[in-house]
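Please open the model in a viewer and keep the selection panel at hand. The stops below are arranged so that each selection leads to the next.

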Amino acid sequence: MKTTRHPKGGALASDAGKKLGRGFYARPAEQVARELLGKVLIHRKNGWMRRARIVETEAYVGVDDLACHASKGRTQRTEVMFWRGGHAYVYLVYGMYEMFNIVTSVAGDAQAVLIRGAMGLDGWDADLLGPGKLAREMGITRRLNGADLTKSELFVSKTRAPAPRIGAAKRVGVEYAKHWKDAPLRFYDQASVRISKVGKALLIAPETQP
DNA sequence: GCGTCGATGGCA
DNA sequence: GCCATCGACGCG
């Protein structure tokens, strides 16, 4: 892609590629979480855009998954998780960090993928490893809760990326989730420099293709 | 490099 | 009372 770069990193918004469509998101969270690795997340604003390659995700697989917010039921906070796939679910944790998730599957089946890490593109040298930092640096706030990624200025590019070598591990910060706490639903690109909190003990056998 | 701890506010 | 977190601080 031919791009004009912003001095601090980022590129002209007009150079953004096509958005992934509903079909991509209307599938189980685990599959979407794997296939999001290597894809490019874009947030356009004021004629410019920030692009980042996704390197780490986590799947939350529905009301039966005790780590999934939707397991608490359909509340004001979890409402968008019950919408059809492709919407942003953004919420606040620990009083200061916004978590950016993408709702997946069909309406009524509350699954979502938490975007945990990415690498800045277009000369953008931000630290996007960790969900709190990623959302903050990409300017993703609760204002975008419920946004439709198939139509919004926030979206994932359809551009084909080389399929990364995928590692799986247990999810972070879900020790309370009883028999779900060790489920291998965190996925990461093994070629990525560093992944947030990937302890050796957490690693499951490497995998190859989404 | 690693363990511990506090910040800070929404939520059930 | 708990968090799908992060950064500062103390080690030695």
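This is a predicted model: local features need pLDDT of at least 70, side-chain atom pairs count only at pLDDT 80 or more; totals for chains, interfaces and linings use all residues.

Residues are numbered from 1 along each chain as its sequence is written, chains are lettered from A and ligands numbered from 1 in the order in which they are written, and side-chain values use heavy atoms, with hydrogens and water left out.

**Stop 1: chain A as a whole**

Read from the N terminus, the order is β-α-α-β-β-β-β-β-α-β-β-β. The C-alpha trace spans about 50 × 35 × 35 Å along its principal axes. Of the 210 residues in chain A, 52% are buried (under 20% relative accessible area; exposed is over 50% and partly exposed lies in between, with a 1.4 Å probe and protein chains only).

**Stop 2: the nonpolar cores**

Next, select Leu36, Leu41, Phe100 and Ile140, the residues with the most contacts inside the largest nonpolar core, which has 35 residues. Such a core is a set of buried Ala, Val, Leu, Ile, Met, Phe, Trp, Tyr and Cys residues joined through side-chain atoms within 4.5 Å. Helix 2 (residues 29-36) supplies the largest share of this core, 4 residues. Apart from this core lies another, of 17 residues, including Val93 and Val174.

Remain at helix 2, where the buried residues are Ala29, Val32, Ala33, Arg34 and Leu36. Just after helix 2, Gly38 has a positive phi of about 90°.

Now centre on Leu41. Not counting residues up to four places away in sequence, Leu41 touches several residues, among them Arg51, Phe100, Ile140 and Phe155 (contact means heavy atoms within 4.5 Å).

**Stop 3: Arg51**

Move along to Arg51, in strand 3 (residues 48-60). Is Arg51 buried or exposed? Arg51 is buried, with a relative accessible area of 13%. Its side chain makes a polar contact with the side chain of Asp122 at 2.9 Å. A polar contact is a pair of N or O atoms within 3.5 Å; within protein, one must be able to donate a hydrogen and the other to accept it, and residues adjacent in sequence count only if both atoms are side-chain atoms.

**Stop 4: DNA strand B**

Select DNA strand B with Thr75, Arg77, Leu92, Tyr94, Gly95, Met96 and Arg142, the residues that surround it (a residue is near a strand if one of its heavy atoms lies within 4 Å of it). Sugar and phosphate make up 55% of the atoms of DNA strand B that come within 4 Å of the protein. At the phosphate, an oxygen lies 2.5 Å from a polar side-chain atom of Thr75. At the bases, a backbone N or O atom of Tyr94 is 2.3 Å from a base oxygen, and a polar backbone atom of Gly95 is 3.4 Å from a base nitrogen.

**Stop 5: DNA strand C**

Finally, select DNA strand C. Among the 19 residues around it, His69, Tyr97, Asn101, Gly173 and Tyr176 come nearest. A polar side-chain atom of Tyr176 lies 2.6 Å from a phosphate oxygen of DNA strand C. Helix 3 gives the most to the surface near DNA strand C, with 4 residues.

How values were computed:
Helices (H or I, at least four residues) and strands (E, at least two) are DSSP runs, numbered from the N terminus.
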